[in-house]
Amino acid sequence: MVALSLSTSNFANAFLGKKLPLQGNARQLTAYCSVSRSIKCAVDTPYGGNVQKFPRISVWDPYRRLGVSHDASEEELWGSRNFLLQQYAGHEGSEEAIEAAFEKILMASFRQRKKTKINLKSRLKKQVEESPPWIQNLLSYVELPTTDVILRRLFLFAFMGGWSIMNSAESGPAFQVAISLAACIYFLNEKMKSLARASITGFGALVGGWICGSLLVPNIPSMLLPPTWTLELLTSLVVYVFLFLACTFLK
């Protein structure tokens, strides 16, 4: 709705002969209103509409402005933001105030998560530095790869385990174990740049997994295992775990 207030009656009479178009653009209204500083022009809503103004537009706290608590979840924040934007759609100042409060909360949450992540790394680093020398030497051979690398190698060895289980009634898992060992040596060689060292590490993981499997599997109650699962199969599953850990987390 357009409201015009004129400081003098003479100036008001000059505009009585002009009929402002109700659906004209804002530039024409601005031209009329800029003739004198005493003219007050406010465009609150298009003709035929009645847009509400957000009552908490001047509230400084972004949580109170959105009407949510400080421990609100991300879903609650999005829901409040979308509801308010829909309720006060068309009022530019209200929309800007709602969006500003929502963005302020998101930025604060992002900074808090980043700070927590940095603090966690600092704590782990401090604990490693304060640990005994033999633990520090042991951790010097370990690295944490990216999530993508972990998932791809986990899928590979899980596939080998599933393949061994499916063929357990027909033949042993020797072929699958051989493929897994070759894959482990290949991945280790990519990091170590030494085929001899990668081969020794891969065979060491194979032997270690086979020994642990041979000691662990007999202690599992037979009633918990399918009848077709032999000692050799169960031991090979432990070997796959050792090969996965070796090629993924060893430097």
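Trainee: What should I know before I start?
Mentor: The model is predicted, so local features need pLDDT of at least 70 and side-chain atom pairs count only at pLDDT 80 or more, while totals for chains, interfaces and linings use all residues. Residues are numbered from 1 along each chain as its sequence is written, and side-chain values use heavy atoms, with hydrogens and water left out.

Trainee: How many helices and strands are there in the protein?
Mentor: The protein has 10 helices and two strands. Both kinds are DSSP runs numbered from the N terminus: helices are H or I with at least four residues, strands are E with at least two. From the N terminus, the order is β-α-α-β-α-α-α-α-α-α-α-α.

Trainee: How do α7 and α8 pack?
Mentor: Helix α7 (residues 147-166) and helix α8 (residues 174-192) pack at about 170°, with axes 9 Å apart. Axes are lines fitted to C-alpha atoms, for helices over the stretch in contact, and angles run from 0 to 180 degrees between N-to-C directions. The two helices α7 and α8 are therefore roughly antiparallel. Angles over 145 degrees count as that, under 35 as roughly parallel, 65 to 115 as roughly perpendicular and the rest as oblique.

Trainee: What kinds of residues make the contact of α7 with α8?
Mentor: Nine are nonpolar, three polar and three charged. Nonpolar covers Ala, Val, Leu, Ile, Met, Phe, Trp, Tyr, Cys and Pro; charged covers Asp, Glu, Lys and Arg; the others, Gly among them, are polar. Contact means heavy atoms within 4.5 Å. Among the residues involved are Phe157 and Trp163 of α7 and Ile179 and Phe187 of α8.

Trainee: And how do α8 and α10 cross?
Mentor: The axes of α8 and helix α10 (residues 231-249) come within 8 Å and cross at roughly 10°. That is why α8 and α10 are described as roughly parallel to each other. The residues of this contact divide into 11 nonpolar, four polar and one charged. Phe187 and Leu188 are among those in α8, and Val239 and Leu243 among those in α10.

Trainee: New topic. What is the volume of the second largest pocket?
Mentor: About 170 Å³. A volume is the space filled by probe spheres set on grid points, which are joined across faces, edges and corners. On a 1 Å grid over the protein atoms alone, a pocket is an open set of points where a 1.4 Å probe fits, with protein on both sides within 12 Å along at least five of seven lines; lining residues have an atom within 4 Å of a point.

Trainee: Which element gives the most to the lining?
Mentor: α5 does, with five residues. The lining includes Tyr63, His70, Leu106 and Arg113. By class, the lining has six nonpolar, three polar and three charged residues.

Trainee: Is Lys193 buried or exposed?
Mentor: Lys193 is exposed, at 68% relative accessibility. Exposed means over 50% relative accessible area, buried under 20% and partly exposed in between, with a 1.4 Å probe and protein chains only. Lys193 sits in the loop between α8 and α9 (195-216). Its phi is positive, about 60°, although Lys193 is not a glycine.

Trainee: What about His91, buried or exposed?
Mentor: His91 is buried, with a relative accessible area of 14%. His91 is in the loop between α4 and α5. Beyond its neighbours within four places in sequence, His91 is in contact with Val51, Gln52 and Lys53.

Trainee: Last one: which residues does Phe203 touch?
Mentor: Leu181 and Ile185, not counting residues up to four places away in sequence. Phe203 lies in helix α9 and is partly exposed, at 45%.
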